[in-house]
Amino acid sequence: MCQNRGVAYIEPGVVEVQSIEYPKLALGDRKCHHGVILQIVSTNICGSDQHMVRGRTTAPAGLVLGHEITGLVIEAGRDVEFIKEGDLVSVPFNIACGRCRNCKAGQTGICLNVNPGRAGAAYGYVDMGGWVGGQAEYVMVPYADFNLLKFPDKDQAMAKIRDLTLLSDIFPTGYHGAVTAGVGPGSIVYVAGAGPVGLACAVSCHLLGAAVVIVGDMIPERLEQAKSFGCEVIDLRKDVSLADQIAEIIGVPEVDSAVDCVGFEAHGHGSESGTEQPATVLNAAMTITRAGGAIGIPGLYVTGDPGASTEAAKQGNLNIRIGLGWAKSHSFYTGQCPVMKYHRQLMNAILYDKVQIAKAVNVEVISLDKAPKGYQDFDKGAAKKFVIDPHGLIPN
Ligand SMILES: NC(=O)c1ccc[n+]([C@@H]2O[C@H](COP(=O)([O-])OP(=O)(O)OC[C@H]3O[C@@H](n4cnc5c(N)ncnc54)[C@H](O)[C@@H]3O)[C@@H](O)[C@H]2O)c1
Ligand SMILES: [Zn+2]
Ligand SMILES: [Zn+2]
């Protein structure tokens, strides 16, 4: 019997590396002929995992975490036609059937057939269909032909694995945030949040031709990271309004596009930056985006937050000044990123050296046993993206 180990959520603030079941090509009692088993080459810790580990969701104890997976196919089901054993593949964090109306329309983040509770599924995530996560040594991926992106050359891919590992989530997610905020050549953009998603979004804005990318956060090391690749930065701890700080940089208090890369655990601005104010980023985005502009919202908002400070917020009801956005004819774009829409193009941007995404988000590779420490450091605001290397396969 093959062994497997994975990172399990135990209780708020605690994750543990445990022995877990070796994956089977099965969906309940049924054989999963369209699935593959992967030996995981790299699997990243995400800000989305932190929402669960901080106790801000209804994630059950024992949930095996991990939705950012890159791996080697070691077993393929009978009906997998085009992916082969030995292929090195990137796994979009969205699990998608490829057969429902949303998948057919490219909306793989809201597949209708992979989660009995709601549209959309992911590996190792609360409310996302109960799929086993991939911060582990091995994992099962269903609908493999549809979901997986095969890297064209294994040696070339392993040499760039620190970059390519980001294709399973944060690079496409940041890019999607920029695209849905209408970023293009010459755009002036405000990106809220300098965590890995915010930094990936800022890189994407540059890739899309933005003229000025302004990144706001309250963690100085993360802002330094944004500066390192040419962003303007705003320290939101300062008691100067965001609009005034933007005007100091570009001469006017308005941008063309804004991207929320923070989500519901947002902090307030200025003297309130030490306290949580879940609607701050959305309200700020409406304040500083020009009339007619668009706001991309990859930052996560939830339908239930047991750790919220008000009864309304516990149900996901936030104090959003929607009238302001309405008056300015803003467009809003929410939801999980449909990774598959972007991952092939972004892979090529990496392989042909058009983008240095691992450097921008400051990837640090750690062993599976170091995952709990990675969670702690990330929670403290480390300016890093932790990538777990469960089999020691990633070259130095
Ligand atoms: N839509 C998707 O498909 C998708 C995919 C991945 C991640 N996400 C979500 O994106 C968000 C960011 O992910 P991450 O990994 O970068 O997380 P993170 O927690 O590392 O980063 C969030 C950053 O926001 C900063 N912040 C807090 N309040 C702020 C404010 N008012 N203004 C500006 N910055 C503020 C924090 O200091 C932190 O640096 C999370 O909510 C995550 O769940 C969504
Ligand atoms: Zn993620
Ligand atoms: Zn589907």
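This is a predicted model: local features need pLDDT of at least 70, side-chain atom pairs count only at pLDDT 80 or more; totals for chains, interfaces and linings use all residues.
View 1. The shell around ligand 1 holds 31 residues, of which Ser48, Asp217, Arg222, His267 and Cys337 come nearest. By residue class, this shell divides into 15 nonpolar, 13 polar and three charged residues.

**View 2. Polar contacts of ligand 1.** Oxygen atoms of ligand 1 lie close to polar atoms of His51, Val262 and Gln336. For His51, a polar side-chain atom is 2.9 Å from an oxygen atom of the ligand. For Val262, the polar atom belongs to the backbone, and its distance from a ligand oxygen atom is 3.0 Å. For Gln336, a polar side-chain atom lies 3.4 Å from an oxygen atom of ligand 1. On its own, ligand 1 has 870 Å² of accessible area, and the protein covers 94% of this area.

**View 3. Helices and a strand in the shell around ligand 1.** Four elements each supply at least two residues of the shell: helix H1 (47-53), helix H7 (196-207), strand S11 (212-217) and helix H10 (280-288). The largest share, three residues, comes from H1.

**View 4. Strand S11 and its two sets of side chains.** Strand S11 contributes to the shell around ligand 1 and is itself mostly covered, with six of its six residues buried. In a regular strand, side chains alternate between the two faces of the sheet. In S11, Val212, Ile214 and Gly216 point one way, whereas Val213, Val215 and Asp217 point the other way. Asp217, a buried residue of this strand, is also among the residues that come nearest to ligand 1.

**View 5. Strand S10 beside S11.** Strand S10 (residues 188-192) runs parallel to S11, and five bridges join the two strands. One of the bridge pairs consists of Ala192 and Gly216, the latter lying in S11. Between the two strands the chain passes through H7, and this β-α-β crossover is right-handed. Helix H7 also supplies at least two residues of the shell around ligand 1.

**View 6. Strand S12 beside S11.** Strand S12 (residues 232-235) is likewise parallel to S11, to which it is joined by four bridges. Together with helix H8 (residues 220-227), strands S11 and S12 make a right-handed β-α-β unit.

Note on methods: Residues are numbered from 1 along each chain as its sequence is written. Chains are lettered from A and ligands numbered from 1 in the order in which they are written. Side-chain values use heavy atoms; hydrogens and water are left out. A residue is near a molecule or strand if one of its heavy atoms lies within 4 Å of it. A polar contact is a pair of N or O atoms within 3.5 Å; within protein, one must be able to donate a hydrogen and the other to accept it, and residues adjacent in sequence count only if both atoms are side-chain atoms. Accessible areas come from the Shrake-Rupley method with a 1.4 Å probe; for residues, only the protein chains shown count as cover. Ala, Val, Leu, Ile, Met, Phe, Trp, Tyr, Cys and Pro count as nonpolar, Asp, Glu, Lys and Arg as charged, and the others, Gly among them, as polar. Buried means under 20% relative accessible area, exposed over 50%, partly exposed in between (1.4 Å probe, protein chains only). Two strands pair if DSSP finds at least two bridges between them. A crossover is right-handed if, with the strands pointing away from the viewer, the path from the first strand over the helix to the second runs clockwise.
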